[in-house]
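User: I would like to go through this structure and ask, for each label attached to it, what the label rests on. Please set the values against the cut-offs as we go.

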Amino acid sequence: LEFRRVLFRSMWIIFVAACIAMFMLILQGLQLIRLTKYARQDYSMLVTQQDVSVILKSDTSFSPVAQLLRSINLSDITSRDELVKSINTHLAEIMPRLEGTLPTVAIIGTLLPMLGLLGTVTGMINVFEVIAVHGTGEPAEMAQGISQALLTTASGLIIAIPVIFLHHILARRLDVLMAVTQQAIQIILHRFPVMQDARAAS
């Protein structure tokens, strides 16, 4: 009875951890899809229009580029090097928000097989304790206990595989988002001398 109780608890821990990871993946996936869409729209606007402040006036004000421009006061920047330094500083602050729960999901995906193995080890300890007390008179029951103990390892592996796979897909989606953001930043840096001339003329 004690063995079944330990097995039940281990399976519940694995199930709850997997549900938390899946919930985080769904939220993070929706956020990355939305931000990537906004970042591409911002990039298209930067390509077609000279004024970079148009991004702040658009509906895509939640994109990484808009967050950067909102953090940087372009009118106070006097050189391209200063602009690069300011962009790098604020981009480092934005990155953890873009990554969101991905690092936590990666940890959960790594821990799931270990949780399954922990349940198996605990179950095997209980099986051998029963053998020590009652002997090996019933091999069939021993085999059943060992097979049940191995279920937690199998469950941890089965659940960890889709979690790790989906984490990989979202990590690649984040790379796409950062690539589009970097392209938009390069356009802003290229336009900066023109913006300086326009400010000087006015």
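User: What share of the contacts in the protein chain with a separation of 6 or more comes from residues 24 or more positions apart?

Analyst: This is a predicted model, and in it 78% of the contacts with a separation of 6 or more are accounted for by residues 24 or more positions apart. Two pairs illustrate such separations: the C-alpha atoms of Gly156 and Leu117, 39 residues apart along the chain, are separated by 7.7 Å, while those of Ile77 and Phe192, 115 residues apart in sequence, are 9.7 Å apart in space.

User: How confident is the prediction across the protein chain, and where is confidence lowest and highest?

Analyst: The average pLDDT of the protein chain is 82, and 84% of the residues score at least 70. Confidence is lowest in helix α2 (residues 54–57), with a mean of 67, and highest in helix α4 (residues 80–99), with 87. Where pLDDT is low, the predicted coordinates should not be read in detail.

User: What secondary structure elements make up the protein chain?

Analyst: The protein chain holds six helices and zero strands, so that its elements, read from the N terminus on, run α-α-α-α-α-α. Of its 202 residues, 39% count as buried, and its accessible surface comes to about 11800 Å², of which 67% belongs to carbon and sulfur atoms.

User: Why is the pair formed by Trp12 and Phe15 called edge-to-face?

Analyst: The structure holds one aromatic pair, and Trp12 and Phe15 form it with 5.6 Å from centre to centre and 85° between the planes.

User: What makes the contact between Arg172 and Asp175 a salt bridge?

Analyst: The side chains of Arg172 and Asp175 meet at 2.5 Å, N to O. Because the cut-off between such a nitrogen and a carboxyl oxygen is 4 Å, the value of 2.5 Å lies within it, and the pair counts as a salt bridge. By this rule the count comes to one salt bridge. Arg172 and Asp175 are three residues apart in helix α6 (residues 139–201), which means that about one helical turn separates them. Arg172 is partly exposed at a relative accessible area of 40%, and Asp175 is partly exposed at 40% as well.

User: Why is Ser86 called buried, and what does Ser86 touch?

Analyst: Ser86, which lies in helix α4, has a relative accessibility of 16%, and because buried means under 20%, Ser86 counts as buried. Leaving aside neighbours within four places in sequence, Ser86 is in contact with Ile72 and Ile77. Ile77 has its place in the loop between α3 and α4 and, with a relative accessible area of 5%, is buried by that cut-off too.

User: How do you know that Gly156 is buried, and which residues does Gly156 touch?

Analyst: The relative accessible area of Gly156 is 0%, which is under 20%, and Gly156 is therefore buried. Its place is in helix α6, and, not counting residues up to four places away in sequence, Gly156 touches Ile14, Leu112 and Pro113.

User: What makes helix α3 mostly covered?

Analyst: In helix α3 (residues 64–71), six of the eight residues are buried. The buried residues of α3 are Pro64, Val65, Ala66, Gln67, Leu68 and Leu69.

Terms used:
Residues are numbered from 1 along each chain as its sequence is written. This is a predicted model: local features need pLDDT of at least 70, side-chain atom pairs count only at pLDDT 80 or more; totals for chains, interfaces and linings use all residues. Side-chain values use heavy atoms; hydrogens and water are left out. Rings of Phe, Tyr and Trp (its six-membered ring) pair if their centres lie within 6.5 Å; planes under 30 degrees apart count as stacked, over 60 as edge-to-face and the rest as tilted. pLDDT is the predictor's confidence in each residue, from 0 to 100. Helices (H or I, at least four residues) and strands (E, at least two) are DSSP runs, numbered from the N terminus. Buried means under 20% relative accessible area, exposed over 50%, partly exposed in between (1.4 Å probe, protein chains only). Contact means heavy atoms within 4.5 Å. Accessible areas come from the Shrake-Rupley method with a 1.4 Å probe; for residues, only the protein chains shown count as cover.
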